[in-house]
Amino acid sequence: GYSDNPKKTFRPVVPVSPIFAHPSPGKDMYPLSKGVTSNSSAFVRYLSGGNEFVSIHLRTAKVAMMDRRSRLFKKCFEKVESLIVEIKKTYLNTKLHFHYFVDYGEYGSHSFEVSLGRKVSLRTLQENNIKPLHYDPKKYGGIPDQGFVALVEQLSLSQSKILILVGGGSFQDQMKTRFIQFGNGERIYHVCRSDEALLEIAFERR
């Protein structure tokens, strides 16, 4: 393993908004507002383009706090890319869109941990021509608020056919719960949930 694992815990991907609080992680999810659900539906239509889609959510802050260099993130990214190759082979006759999301951006957290995550991930993403997507509330008539944006993205990604969660954390746990309870997707993968657990199937719908 890596030597600089922190002992302290950190906040979810986006701080609690003064307007919209994030749902608590657990087995049950509270209902979301009509504004969140309608914006999510519109964003899902964009993500799917009439087909099904695979979402990769990179919790870069969690990976960075396991290893503050870029070595672990690069290893995690390579694992994701190998997994995508296998998914494409499995769904050879199915048109799938693949979308990357990260925990930083205009409406993401600006904490030290997320800034560090951006630092360790940016070069790898750029070298592989990966341009992460973000839900833009201005485009969909949503509210330009961190909490609102986080909930729309969380709900939207839970509608994926396959969900790949990199890094772990409570925000991804909530996304996983929504996927299981309200989505129709087939499988969730955990990548780099710890510096030793590089890949595991977290959920498979029977």
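This note goes through a predicted protein model point by point, from the overall layout to single residues.

1. Basis of the note. The structure is a predicted model in which local features need pLDDT of at least 70 and side-chain atom pairs count only at pLDDT 80 or more, while totals for chains, interfaces and linings use all residues. Residues are numbered from 1 along each chain as its sequence is written, and side-chain values use heavy atoms, with hydrogens and water left out.

2. Overall layout. The protein has seven helices and five strands, where helices (H or I, at least four residues) and strands (E, at least two) are DSSP runs, numbered from the N terminus. Read from the N terminus on, the elements follow the order α-β-α-α-β-α-α-α-β-α-β-β. Of the 206 residues in the protein, 50% are buried; here buried means under 20% relative accessible area, exposed means over 50%, and partly exposed lies in between, with a 1.4 Å probe and protein chains only. Among the contacts with a separation of 6 or more, 74% are between residues 24 or more positions apart, a contact being heavy atoms within 4.5 Å.

3. The sheet. The five strands form an open sheet in the order β2-β1-β3-β4-β5, and the pairing is mixed; two strands pair if DSSP finds at least two bridges between them. At the edges are β2 (96-102) and β5, each of which pairs on one side only. On average, and with direction ignored, neighbouring strands of this sheet are turned by 20° against each other. For such values, axes are lines fitted to C-alpha atoms, for helices over the stretch in contact, and angles run from 0 to 180 degrees between N-to-C directions.

4. Strand β3 and its partners. Strand β1 (residues 52-58) and strand β3 (residues 162-166) run parallel and are joined by five bridges, and Leu 58 has Val 166 as its bridge partner in β3. Five bridges also join β3 to β4, and these two strands run parallel, with Ile 164 standing opposite Tyr 189 in β4. Which residues of β3 are buried on each of its two faces? Ile 162, Ile 164 and Val 166 are buried on one side, and Leu 163 and Leu 165 are buried on the other, in keeping with the count of five buried residues out of five for this strand.

5. Two helices can be described next to strands β1 and β3. Helix α6 (residues 146-157) packs on the sheet and touches β1, β2 and β3, its direction making about 130° with that of β1. Helix α7 also packs on the sheet, where it touches β1, β3, β4 and β5, and its direction makes about 165° with that of β3.

6. The pair α3 and α4. Two packed helices are described by the angle between their axes and the distance between the axes. Helix α3 (residues 71-90) packs with α4 at an angle of about 45°, and their axes are 9 Å apart. The two helices are therefore oblique to each other, since angles under 35 degrees count as roughly parallel, over 145 as roughly antiparallel, 65 to 115 as roughly perpendicular and the rest as oblique. On the α3 side the contact is made by Phe 73, Lys 74 and Phe 77, and on the α4 side by Val 120, Ser 121, Thr 124 and Leu 125.

7. A buried serine. Ser 40 lies in helix α1 (residues 34-48), and this residue counts as buried because its relative accessibility is 3%. If residues up to four places away in sequence are not counted, Ser 40 touches Val 152, Leu 155 and Ser 156.

8. Residues in loops. Asn 129 is not a glycine, yet has a positive phi of about 55°; this residue is in the loop between α4 (112-127) and α5 (137-140). Cys 192, in the loop between β4 and β5 (199-204), likewise is not a glycine and has a positive phi of about 55°. Is each of them buried or exposed? Asn 129 counts as exposed because its relative accessibility is 68%, whereas Cys 192 is buried because its relative accessible area is 0%.

9. Asn 184. This residue is in the loop between α7 (170-182) and β4 (187-191), and Asn 184 is exposed because its relative accessible area is 72%. From Asn 184 to Arg 205 the separation is 21 residues in sequence and 8.3 Å in space, C-alpha to C-alpha.
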